[in-house]
Amino acid sequence: MSTKNLNTYILLFLTTTIWGGAFVAGKIATTTLHPVSVAFFRFFGASLILFPLLHWKEPNRPIPIKKDWGVLALLGLTGVFLYNIFFFIATKYAPIVKSSLVIAVNAPLITLLSALFLKEKLNRRSVLGMFLAVFGAIYIITDGHPSVLIDIGFSPIDLVLVGACLSWSTYSVIGKIAMKKFSPLAATTYATGFGTLFLAPFALYYTSFASIEASGWDVWLSVLYVAIFVSAISFVWWYNGIQKVGASTASVFINVMPISATVMGTMFFNEHLTFTHIIGAAFVFSGILLNIYSKQENMVFSLNKKEANT
């Protein structure tokens, strides 16, 4: 990785470290609040921060036209509405270690979608890396027995985790397209606003005064954490990383999440990392590292080819 983007890599590392803590915060917040309610409060709070910040930092920002609103709404649908519904359901019903490690499959998914829609090149090494990472995710989901999928298939909660991966990967790739015109702050703000609107009617249905009254300080602190740090701050950092170094490279840092979530899970819930998780994680990380090597190899090849033609 180039040292000229060191600040970007540091922010990406901090971003995914913060996201790892969101698994713990989500599990605490959903003890009394419905997952949909938590998602709404999260992005409503983030919107209250992001829109004034955008107005202050970018008074002369580009004004979205009709076709832009469709792209920005799609960002809100995938990265805010769908992903966070899946995310909070997973944190309520799945162990932190399992749900956080399987998120690592986002990296190869983003790489694949980037190749299809952003025309980023793939070679055999990158394809092999994707298969290794996917196998690692399946190994974790099945507790080390992938063959059971033939007989019983996925459990409902595993489908939720897969849905979270697909929606976040889509959000990351579409964001690269949106940032051809808009800044990371603007794209994040508009996506957050649309996502909050999508969540609002469901939040009205699932949120009760009884659940709000039953929520203690620990629940509301968790909501503040995911609103301020996980959403308002780190979402901007994430899109900044995608803009600066590309979606595929930024996705590599997602692998910090399992480490952060596992440490926090053992601290707050006495959850343990088993040998099965270690094996699955080894496959996931090996696949991601192979993707990094493949990307760097492509960059060197392209540079040499360009120099040869000059």
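**Figure 1. Confidence along the chain, element by element.** In this predicted model, helix H9 (residues 184-206) comes out with the highest mean pLDDT among the elements of the chain, at 96. At the other end sits helix H4 (residues 96-102), with the lowest mean, 59. For the chain as a whole, the mean pLDDT is 82, and 84% of the residues reach 70 or more.

**Figure 2. Helix H2 packed against H9.** Here we zoom in on H9, the element with the highest mean pLDDT, and its contact with helix H2 (residues 35-57). The two axes come within 8 Å and cross at roughly 150°. H2 and H9 are therefore roughly antiparallel to each other. The crossing of H2 past H9 is left-handed. Sort the residues of this contact by class and you get 18 nonpolar, seven polar and one charged.

**Figure 3. Helix H1 against H11.** H1 (residues 6-29) and H11 (residues 217-245) have axes that come within 8 Å of each other and cross at roughly 150°. Since an angle over 145 degrees counts as roughly antiparallel, that is the label for H1 relative to H11. H1 goes past H11 in a left-handed crossing. As for who does the touching, the contact of H1 with H11 holds 20 nonpolar residues, seven polar ones and two charged ones.

**Figure 4. The second largest pocket, with H1, H11 and H13 in its lining.** This pocket holds about 190 Å³ of space. Helices H1, H11 and H13 (256-269) each put at least two residues into the lining, and H11 gives the most, with five. Look for Gly21, Val24, Ala25 and Ile28, then Trp217, Asp218, Leu221, Ser222 and Tyr225, and finally Met264 and Phe268.

Figure 5. Rolling a probe the size of a water molecule over the atoms shows where empty space is left.

Note on methods
Residues numbered from 1 in each chain as written. Predicted model: local features only at pLDDT ≥ 70, side-chain atom pairs only at ≥ 80, totals over all residues. Heavy atoms only, no water. Axes fitted to C-alpha atoms, helices over the stretch in contact; angles between N-to-C directions. Helix = DSSP H or I, 4+ residues; strand = E, 2+ residues; numbered from the N terminus. Parallel < 35°, antiparallel > 145°, perpendicular 65-115°, else oblique. Left-handed = near helix turned anticlockwise from the far one by under 90°. Nonpolar A, V, L, I, M, F, W, Y, C, P; charged D, E, K, R; others polar. 1 Å grid on protein atoms, 1.4 Å probe; cavity = no way out; pocket = protein on both sides within 12 Å on 5 of 7 lines; lining within 4 Å. Points joined across faces, edges and corners; volume = space filled by probe spheres on them. pLDDT = per-residue confidence, 0-100.
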